[in-house]
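I opened the notebook today to go through one model, strand by strand and then around its ligand. My entries follow in the order in which I looked things up.

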Amino acid sequence: MDKCELVIIGGGPAGLSAGIYAARAAIKTVLLERGIPGGLVIRAQHIENYPGFENGISGSELMAQMEKQARRFGLEIRFAGVKEIQPAGDEIILETDHGRISTRAIIVATGVEPNLLGVKGESEFTGRGVSYCATCGGAFFRGKRVAVVGGGDAAIEEAIFLTKFAERVFVIHRRGELRATKIIQQRAFVNPQIEFIWHSVVDEIQGGDLVESLVLRDVRDHKTTSLAVDGVFIYIGYRPNSNLVKDLVELDEKGYIITDENMHTSRPGVFAAGDIRQKLLRQVVTAVADGAIAAVAAEKYLEEMKLS
Ligand code: NAP
């Protein structure tokens, strides 16, 4: 069984930032990532509010830089999914799909994943017109008609991005006003390719081989209509990836991990960072700050363990 001092689970901004701080502090650290390092941020076409980039930066570019920076400090990144976490005295044993690892401390930075609409046709047409990532799939819709579901920052930013390719972008929102930040709203309102369909929800996604139309329902009078589209992008918020730790640490009612301001969870030796935490603002800037704090808190914890 491999032994190390600290395991970071998740290679998004929180995990990589924790990795940079831990590797610089010469803690024997392994970062485990089940997919591509970078987390959900790599799906963001353009990030304009991360300080230090006057003209913004693409999510994939920012995360590629973070990964390179972490590796430069000697962070070991392994591509493995964690199946189980078992506390064993002062140690924590992680069962991964590439073997077992024994560690003294862990930082859980497993982030969030997109909410599903839960309507007929959604899973059937995923990858065939239904998408949760405009950056990944947008270019396939050149000259076509697409819908975006949701009214938050993600939905509206991605609707604007999709107008680069699609001829018409319908934003379907369940209320009569958007949740998105005002500056983002204003950009969408002046964009002639975007049409808003207010007070409406998607009841069904229909098609043959590919998506062809949506059944929309007006939530005020329950009347249904059909909207012909070639694709639908779903941006209705996110849910925490906390299943792995649900019996290990205290979660809030939505499943986010409760920590103190130093990223301690309810269990000594288990820290949490980034979007997985119960917090006010889930952004790259807060995720990287969490990661740095979690790594320093873990370092202190490891030092105290050595002294005791
Ligand atoms: P969000 O802010 O939670 O918005 C989710 C949207 O989906 C809301 O408009 C919500 O409607 C709608 N919705 C939720 N469940 C639905 C359902 N079952 N059917 C139909 N509509 C549904 O999520 P987000 O836009 O993904 O953003 C998540 C976080 O990331 C936010 O804190 C956001 O500020 C941040 N973010 C920031 C940026 C940026 O700063 N540039 C970019 C992307 C994301 P209601 O409004 O009626 O609740």
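I take helices (H or I, at least four residues) and strands (E, at least two) as DSSP runs, numbered from the N terminus, and I count two strands as paired if DSSP finds at least two bridges between them. The model is a predicted one, in which local features need pLDDT of at least 70 and side-chain atom pairs count only at pLDDT 80 or more, while totals for chains, interfaces and linings use all residues. Residues are numbered from 1 along each chain as its sequence is written, and side-chain values use heavy atoms, with hydrogens and water left out.

**Entry 1, strand E6.** I looked up the hairpin that joins E6 to E7 and found that it passes through 2 residues. E6 and strand E7 (residues 99-103) run antiparallel and are joined by 5 bridges, and Ile93 has Ser102 in E7 as its bridge partner. On the other pairing I checked, strand E5 (residues 82-88) meets E6 in the antiparallel sense over 6 bridges, with Ala88 opposite Glu91 in E6. E5 and E6 also form a hairpin with 2 residues between them, and Gly89 in that turn has a positive phi of about 65°.

Why do I call strand E6 largely enclosed by the rest of the structure? I do so because 5 of the 6 residues of E6 (residues 91-96) are buried, where buried means under 20% relative accessible area, exposed over 50%, and partly exposed in between (1.4 Å probe, protein chains only).

I counted 17 residues around the ligand, of which Asp153, Arg174, Arg175, Arg179 and Gln283 come nearest; a residue is near if one of its heavy atoms lies within 4 Å. Helix H4 (residues 153-162) gives the largest share of this shell, 3 residues. Domain 1 (2-114 + 238-307) and domain 2 (130-234) both contribute to the shell, so the ligand lies between them; the domain bounds come from an automatic or database domain assignment.

I then listed distances: the side chain of Glu157 has an N or O atom 2.9 Å from a nitrogen atom of the ligand, and a polar side-chain atom of Arg174 is 2.9 Å from a ligand oxygen atom. For Arg179, an N or O atom in the side chain is 2.7 Å from an oxygen atom of the ligand.

Key. Polar contact = N/O pair within 3.5 Å; in protein donor to acceptor, adjacent residues only side chain to side chain.
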